[in-house]
Amino acid sequence: MNSGFDIVVTGGGHAGCEAALAAARMGCSVVLVTQDIKKIAQMSCNPSIGGLAKGQLVRELDALGGEMGLAIDNTGIQFRRLNLSKGPAVWSSRAQADRLLYRKYMQDTIERQENLDIVEDCVAAIRTANGRVTMVETEGGLKIDCRAAIVTGGTFLNGLIHIGEITQQAGRIGEDAALHLSEQLQSLGFKAGRLKTGTPPRLDGKTIDFDVLEKQPGHDDFPPFSLRSSRVYDNSATCWITYTNKDTRKYINDNLHTSALYSGRIKGVGPRYCPSIEDKIVRFSDKPRHQLFLEPEGGGTDEIYPNGFATSLPEDVQLRAIRTVKGLEEADITVPGYAVEYDFFFPYQIKPTTETKLVEGLYFSGQINGTSGYEEAAVQGFMSAVNAVLKLKGKPEFTLDRSQAYIGVLLDDLATKSTEEPYRMFTSRAEYRLALREDNVAERLIEYGFSFGLIPEGIYRRETERIELVKREVLRLEKVQCPIRELPIEANGDYNRKISVAAALRMPCIGVSEVEANDKQLKSHSRGIKTDIEIKIKYKGYLDKQQREIDKFKRLEDRPIPQGFPFMSLTGLKAEAREKFVQFKPMSLGQASRISGITPGDISVLMVHLKRMSA
């Protein structure tokens, strides 16, 4: 192994995998330092990729050249589209993974990657000189010279696992915690906090009565996550749905005192939107039941993941509680559920590039920034790598704003709002979500992926040709005429009148299937292209309105605030505004306006000072 590298990536989770691969593929020498090579890309919690808003993140990552979409396409066992009863702005994709296959796929990909070495160790310190990264030291005594470091600590930074009264230092069950790096980073001046997350017990599928449960199969004709995939690996697996009941609620209530969460042993802040079963019973006491999804862990195992039953109860209490649920009366636990506490660093300390504000060349990605979820971690790791490489090559940094991608929303939220609880992406966080759909990720982002050298030219040309085809068809269908009498609408006696196909598609009750018989060219297109055409035509008015809002937003985003701007000396600003600006160090007026507690009046004052100083 070389003694020096361009970039060191610490941690082999989903953020670390994307960071290491992207940096190596962009031409830098990279070393991935991880405690256990066999646990690279481990799915610590649920065996799935995607979901509401998370599906958008995966598809955006793929259009930029990331690996997660390809990985799940090649190892998934069930694929579904969510929210199809609603508008296309919130359609999302989700897949169940074969947990072992997914891990093996990513490990093999990393081991084959040129410019990328792997070291089985744990990072203990980041060394700096003159305010920038120079070296990474490991617990095993290695000293690795580097020009940039990407820290993806996951739940390992001072990780502490709780199962009832049992507490042990660990990042995941059976894996050691990282006990030195957090304190060393704090010695550099970084501010840390404490978060908590949890996972359900795993169940032995041979002991579950699936016959009494509601089946949930995959969806046919699922479009692969990746633009580089021609199909998905397998879509034959079944999930099942069941519910807790009054007996579950009573038993857990009677044993709340045994829970690590409710006995006071856990100090970290837990996830608001993915609570433990104890939290659900207490916080939603008016609910007679709570839904559980029983998800297979893969084709080579009988293990089942009961999504919705995260817990820190003692193992014997977990078992009795599980057995109150329909279909699980004889279920056995193979691995107990647990809660894990870990250190994170308040994300106001990073830029939207994920580079830290305190140390040049140091990047934070994933749960170290307070986020939760594989997808949120993966996109951060990718953005860290791209920006680290661009910085080392002397090129401009790469950021995405809130109007361009969910990735932009995520990183802007972290940099301008920070967080004190596990952050999870939702469609509701994206104010421009109608423009940030799954179907138009290539239109929005593939140009960047191609420019980074991460998207093959053939894929780039195919997608750009498809984008142009859809644009031409949208314009053409404004001119193609369709007889009123052939449409499933009231003609009010005027059966000979004609309207354009586009005008027909803008009617709420009419889709492509109702008009394609009138136009052979439209009928000849693939299902995906037809869907793209229909969305662009049907929602044109809404998309135009949103574009005007985006243009207004851009005007604020394009007003940069110089680095080192003297916020504390500005007259006319409230003390709170000065303190917030000094803490968050916004890079534009737009970012400044989104900081919690900042008013339109504060922005007006800041704008005046910016104009004076630039005059």
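In this predicted model, strand 12 (residues 192-199) pairs with strand 19 in the antiparallel sense, over eight bridges.

How many residues of strand 19 are buried? Strand 19 covers residues 338-345, and eight of its eight residues are buried, so the strand is largely enclosed by the rest of the structure. In a regular strand, side chains alternate between the two faces of the sheet. Tyr-338, Val-340, Tyr-342 and Phe-344 point one way from strand 19, while Ala-339, Glu-341, Asp-343 and Phe-345 point the other way. The residues of both sets are buried.

Ile-161 is a residue of strand 10. It counts as buried because its relative accessibility is 1%, and buried means under 20%. Leaving aside neighbours within four places in sequence, Ile-161 is in contact with Tyr-338, Ala-339 and Val-340, among others. Its other contacts include Ile-166, Thr-167, Gln-168, Ala-170, Arg-172 and Ile-173. Between Ile-161 and Gln-42 there are 119 residues of separation in sequence and 17 Å in space, C-alpha to C-alpha.

Another strand residue is Gln-216, which belongs to strand 14 (residues 214-216). With a relative accessibility of 16%, Gln-216 counts as buried. Not counting residues up to four places away in sequence, Gln-216 touches Gln-78, Arg-80, Thr-238, Cys-239, Ile-241 and Phe-293.

Helix 1 (residues 14-25) has twelve residues, which should span 16 Å at 1.5 Å a residue; its end C-alpha atoms are 17 Å apart, which agrees. After helix 1 comes Gly-27, with a positive phi near 100°.

Helix 9 (residues 374-392) has 19 residues and reaches 27 Å from its first C-alpha to its last, close to the 27 Å expected at 1.5 Å a residue. Helix 9 is also mostly covered, with 18 of its 19 residues buried. Gly-394 follows helix 9 and has a positive phi near 75°.

Most residues other than glycine have a negative phi. Ala-53 is not a glycine, yet its phi is positive, about 70°. Ala-53 sits in the loop between strand 3 (48-50) and helix 2 (54-64). Is Ala-53 buried or exposed? Its relative accessibility is 0%, so Ala-53 counts as buried. Asn-83 also has a positive phi of about 70° although it is not a glycine. The loop that holds Asn-83 lies between strand 4 (76-82) and strand 5 (92-97). Asn-83 counts as partly exposed because its relative accessibility is 22%.

**Cavities and a pocket**

Rolling a probe the size of a water molecule over the atoms shows where empty space is left. The structure holds two cavities of 30 Å³ or more.

| Space | Volume |
|---|---|
| Largest cavity | about 60 Å³ |
| Second largest cavity | about 40 Å³ |
| Second largest pocket | about 940 Å³ |

The largest cavity is lined by 13 residues, and Lys-196, Gly-198, Ser-276, Ala-310 and Thr-311 lie nearest its centre. Strand 12 and strand 19 are the elements that give two or more residues to this lining. The largest share, three residues, comes from strand 12. By class, the lining of the largest cavity has six nonpolar, five polar and two charged residues.

The lining of the second largest cavity includes Thr-244, Asn-245, Arg-249, Ile-281 and Pro-288. Its residues divide into two nonpolar, four polar and three charged.

The second largest pocket is lined by 34 residues, of which Pro-223, Asp-439, Arg-466, Gly-528 and Asp-532 lie nearest its centre. Helix 11 (441-451), helix 12 (457-476) and helix 16 (527-538) are the elements that give two or more residues to the lining of this pocket. Helix 16 supplies the largest share, six residues. By class, the lining of the second largest pocket has twelve nonpolar, eight polar and 14 charged residues.

How values were computed. Residues numbered from 1 in each chain as written. Predicted model: local features only at pLDDT ≥ 70, side-chain atom pairs only at ≥ 80, totals over all residues. Heavy atoms only, no water. 1 Å grid on protein atoms, 1.4 Å probe; cavity = no way out; pocket = protein on both sides within 12 Å on 5 of 7 lines; lining within 4 Å. Points joined across faces, edges and corners; volume = space filled by probe spheres on them. Helix = DSSP H or I, 4+ residues; strand = E, 2+ residues; numbered from the N terminus. Nonpolar A, V, L, I, M, F, W, Y, C, P; charged D, E, K, R; others polar. Buried < 20%, exposed > 50% of the residue type's maximum accessible area, 1.4 Å probe, protein only. Contact = heavy atoms within 4.5 Å. Pairing = 2+ DSSP bridges. Expected span 1.5 Å × (residues − 1).
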